[in-house]
Structure formats: C-alpha cells, structure tokens
Amino acid sequence: MINGPLKLVINEVLAVTPLVIDWINVQTSGSAVCRYKPDNVRQYEVRYQFGNIGNLVHELTHVAVNESYNLDFINYPNRPSIDLPDRELDILGRCKNEDLRQTKQMSQSMNAAKSDILMRIKGWTDASTELSSAKKSDISNKLIYGMINPHKEADTVLNQILVWLFEWGFPVTGQYINKPVVNALYEALSTVVKAAHLEKK
C-alpha cells in the first residue's frame, strides 16, 4: 500500500498529467519540455520510458516543479533574478534560451543545500547492507546525476529513488532486532521528499 511521502509524490504528479499534451516513448533517459502559450498557459511534452514508473515520476516531477515555481524548471523558490532575458520561443512555444534563464535564476546557496541532501542520501545508500550492489549502483548513479545539476534534478531524482525503493520491497517490515539501515535510508529520503513537496504548495 502506498502511503506517507510517496503517496504525496504520486498525487502531485497525477495532478499535473492533464497539462501533458504529448506523451513520447523513449528507450533511455527522458525529458519534460514546456510549451509556453499566451496568457501564461503552460503545456508539456513528456518523454519517458514506457513501463518505467520511476522514470515517469521523475519527468512529471519536472512538470510539478515548473508549475509551482515557474522558474524554468528550477526546483526551489528564489528571489527575482537580475538581467533575466525574456523567453525566446520556437513555433511550438518551447523556450530556446532555457539554460541561460536557469543560470540567471538559480541560487548557489540553494544548489549547495540540494547537493548536501543528495550526499546525505548517498551516505545512507552506501551503508545499506540490505541493498544489492546493483541497486546501490543504480541509486548512486542517479544521485550523482542529480549533483551535476542540483538546481533542476535534485527533487526529480529523490522522487525517483523513493519509487524504486517501494518497487524493490522496502522499507523492511515485520519484527527485527536491529533497525535495517535501508529503513533509515527510506526514512531520510521520505523526510526530504516531503519537505520538497510541502515547499511546492
């Protein structure tokens, strides 16, 4: 049964699905692209791996983030930027200067805070003896990916990893003498995911 912060995440991404006007199947990776329309209307193209729930949640988290903050997919609130150029749009309304706008709108202190969260989750992952080497590697690679661009990937990868842990059967339930480390990982991850969710309210 899905509950707690994972339920919040699932409800959050389900709520933005009506904004997606183009679902595109890809074999690897994925993306969410906004089409900016007149009167501040936003529609989205979502490329994701069909059948991969974690990947779908990742991409829809991008949509939820953009809807909440309207900062060109930056996953935290920030003060107005200086010298922010207007969006240059293509014929479909997709932003051609998104990277530049992100650079102008990001916060180095918030990037550092997001990276610290990702590093803390990586520490719990590395310590989780209940995870196989392959699963640890999957999580670590995703966290490292988030650290490369924490301004736009931190929330997405944390949500994706929470989905993975649930799909893999964690947290450990039942009676145990010593608390499984993977449960501490799940709890730490749930805490930061919930905080990010509440920030988007």
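F50 is partly exposed, with a relative accessible area of 48%; here buried means under 20%, exposed over 50% and partly exposed in between, using a 1.4 Å probe and protein chains only. This is a predicted model, in which local features need pLDDT of at least 70 and side-chain atom pairs count only at pLDDT 80 or more, while totals for chains, interfaces and linings use all residues. Residues are numbered from 1 along each chain as its sequence is written, and side-chain values use heavy atoms, with hydrogens and water left out.

**Exercise 1. Work out the strand order of the open sheet and find its edges.**

Step 1. Let us begin with the strands: they are DSSP runs of E with at least two residues, as helices are runs of H or I with at least four, and numbering starts at the N terminus. Two strands pair if DSSP finds at least two bridges between them.

Step 2. The sheet has three strands in the order β1-β3-β2, with mixed pairing. β1 (20–25) and β2 (31–37) each have a single partner strand, so they are the edges, and one side of each lacks a neighbour in the sheet. On average, neighbouring strands are turned by 15 degrees against each other, direction ignored.

Step 3. Now look at each pairing. β1 and β3 run parallel and are joined by five bridges, whereas β2 and β3 (residues 41–48) run antiparallel with seven bridges.

Step 4. Follow R47 in β3: it is the bridge partner of I24 and also of S31. Elsewhere in β3, E45 stands opposite V33.

Step 5. Finish at the hairpin of β2 and β3, where three residues lie between the strands and D39 takes a positive phi near 60 degrees.

**Exercise 2. Which residues form one aromatic cluster with F50?**

Step 1. Rings of Phe, Tyr and Trp (its six-membered ring) pair if their centres lie within 6.5 Å; planes under 30 degrees apart are stacked, over 60 edge-to-face, and the rest tilted. The whole structure has four aromatic pairs.

Step 2. W23 and Y48 have ring centres 5.9 Å apart and planes at 80 degrees, so they are edge-to-face. This pair links strand β1 to strand β3 across 25 residues of chain.

Step 3. Y48 and F50 have ring centres 5.0 Å apart and planes at 35 degrees, so this pair is tilted.

Step 4. Putting these together, the cluster consists of W23, Y48 and F50. Within it, Y48 is buried at 13% relative accessibility, while W23 is partly exposed at 36%.

**Exercise 3. What sits over the ring of Y36?**

Step 1. The test asks for NZ of Lys or CZ of Arg within 6 Å of the ring centre and within 35 degrees of the ring normal.

Step 2. The charged end of R87 sits over Y36, 3.8 Å from the ring centre. K142 likewise lies over the face of Y145, at 5.3 Å from its ring centre.

Technical notes: Axes are lines fitted to C-alpha atoms, for helices over the stretch in contact, and angles run from 0 to 180 degrees between N-to-C directions.
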